[in-house]
Amino acid sequence: MPRIARLIVKEEETVYHVMSRTALDGYVIGDVEKDFLLHLIRQLSYVYFAEVLGFCLMGNHFHLLVRMHPGSKYSDEEIKRRFKLYYGDDEKRDLEEKGIPGLRRKWASLSEFIKEIKQGFSRYYNRRHHRKGFFWSERFKSVIVDNGDTLINCLAYIDLNPIRAGIAKRPEAYRWCSLGYHAQTQNRDRFLSTDFGLREFAHTNARARLAFYRRFVYEKGGLIPEVEDRSKGLELSNVDRFRFRTRYFTDSGIIGTREFVSRVYQGFKGHFSSKHEKRPRLIQGLDGVYSLKRLSEAT
């Protein structure tokens, strides 16, 4: 069966949750490798039109929440500046005017951004471990994410990865996730954006937004005892949805308000073989958040 083409919104600011796994057995991405992968993501985000909102690097996979901006926002002078940033003082590299449109398209592309991250890391890993061959498994997953409440829920899910894996008790203690990066580096080089798309944040400074987000993560993850949801029975509680690996954040295709999912889906109807119109599905436990696909709660 042919693969469904990736859902990519063109010429519009769009947030994506990206996830990619290694093809190797075990937890092969160690601390040194995580440091390099983070360095690579950070450096490439300054070249590509990529606004990184959050990330989590684990032993066998990584998550990235990124807002891609259309190339039309950037002037020719900005393209030239980023070209120099990318190639440094390499005298053999000279950007001609006719090459600018191609770079504008490339640096606005989510696929090119992730491909360069994965290829750069594969080369590094193979050199370091004296090996050849593939490092990453199948193509990366990506979900289109609405701004606002959906975005901050998705980001919390990402930052709670080390808690779910049992390798940290608090996100701030794990330096390879968003909250860890904020806490341990004070967001060095302003790598991470705190524009979560929440209307109430319109006139709030970055520190206040981050404090609100941290409290949100602690509540969602049940890290504050008095707010932990201890619902009885077999149904997943709201805390459980973030403690376990819910598929809605990784496999839903499009996630957001009913209006957002419906609008974005209209641009991709031709991607699906189904003759029936897909309708947004309300996600239980996430007020006002809908998914393009009906999925099991957790795996």
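**Note on the predicted model: core, cysteines, spaces and one loop**

1. Phe113 touches Ile41, Leu44, Ser45, Tyr48, Ala50, Leu64, Val66 and Met68, leaving out residues up to four places away in sequence. Contact here means heavy atoms within 4.5 Å. Phe113 sits in helix 4. Helices (H or I, at least four residues) and strands (E, at least two) are DSSP runs, numbered from the N terminus. Phe113 is buried, at 0% relative accessible area. The cut-offs are under 20% for buried, over 50% for exposed and partly exposed in between, with a 1.4 Å probe and protein chains only. Ile41 is 72 residues from Phe113 along the chain, and their C-alpha atoms are 8.9 Å apart.

2. A word on the basis. This is a predicted model, in which local features need pLDDT of at least 70 and side-chain atom pairs count only at pLDDT 80 or more, while totals for chains, interfaces and linings use all residues. Residues are numbered from 1 along each chain as its sequence is written, and side-chain values use heavy atoms, with hydrogens and water left out.

3. The overall picture comes next. The protein has 11 helices and seven strands. Of its 299 residues, 50% count as buried. Take the contacts with a separation of 6 or more: residues 24 or more positions apart account for 71% of them.

4. Which residues touch the most other members of the largest nonpolar core? They are Leu64, Leu65, Phe113, Phe121, Ile144 and Ile254, in a core of 87 residues. Such a core is a set of buried Ala, Val, Leu, Ile, Met, Phe, Trp, Tyr and Cys residues joined through side-chain atoms within 4.5 Å. In soluble globular proteins, nonpolar side chains tend to be buried together. Leu65 is in contact with Val15, Tyr16, His17, Glu51, Val52, Leu53, Gly54, Val145, Leu151, Cys154, Leu155 and Ile158, its neighbours within four places in sequence left aside.

5. Cys56 is buried at 0% relative accessibility. Cys177 is buried too, with a relative accessible area of 0%.

6. The whole structure contains two cavities of 30 Å³ or more. On a 1 Å grid over the protein atoms alone, a cavity is a set of points where a 1.4 Å probe fits but cannot get out; a pocket is an open set with protein on both sides within 12 Å along at least five of seven lines; lining residues have an atom within 4 Å of a point. Grid points are joined across faces, edges and corners, and a volume is the space filled by probe spheres set on the points. The second largest cavity holds about 40 Å³. Its lining is Leu53, Leu155, Asp159, Ser178, His182, Ser193, Thr194, Phe196, Leu210 and Tyr213. Helix 5 (149–159), helix 7 (178–185) and helix 8 (206–220) each supply at least two of the lining residues. By class, five are nonpolar, four polar and one charged. Ala, Val, Leu, Ile, Met, Phe, Trp, Tyr, Cys and Pro count as nonpolar, Asp, Glu, Lys and Arg as charged, and the others, Gly among them, as polar.

7. The second largest pocket has a volume of about 330 Å³. It is lined by 19 residues, and those closest to its centre are Ile8, Val9, Lys10, Ala108 and Ser109. Strand 1 (14–21), helix 3 (100–107) and helix 4 (110–128) each give at least two residues to this lining. The lining divides into seven nonpolar, six polar and six charged residues.

8. Gln186 has a positive phi of about 55° although it is not a glycine. Asn187 also has a positive phi, near 55°. Most residues other than glycine have a negative phi. Gln186 is exposed, at 63% relative accessibility, whereas Asn187 is buried at 12%. Thr194 is in this loop as well. Thr194 is buried, at 9% relative accessible area. Beyond its neighbours within four places in sequence, Thr194 contacts His182, Ala206 and Arg209.
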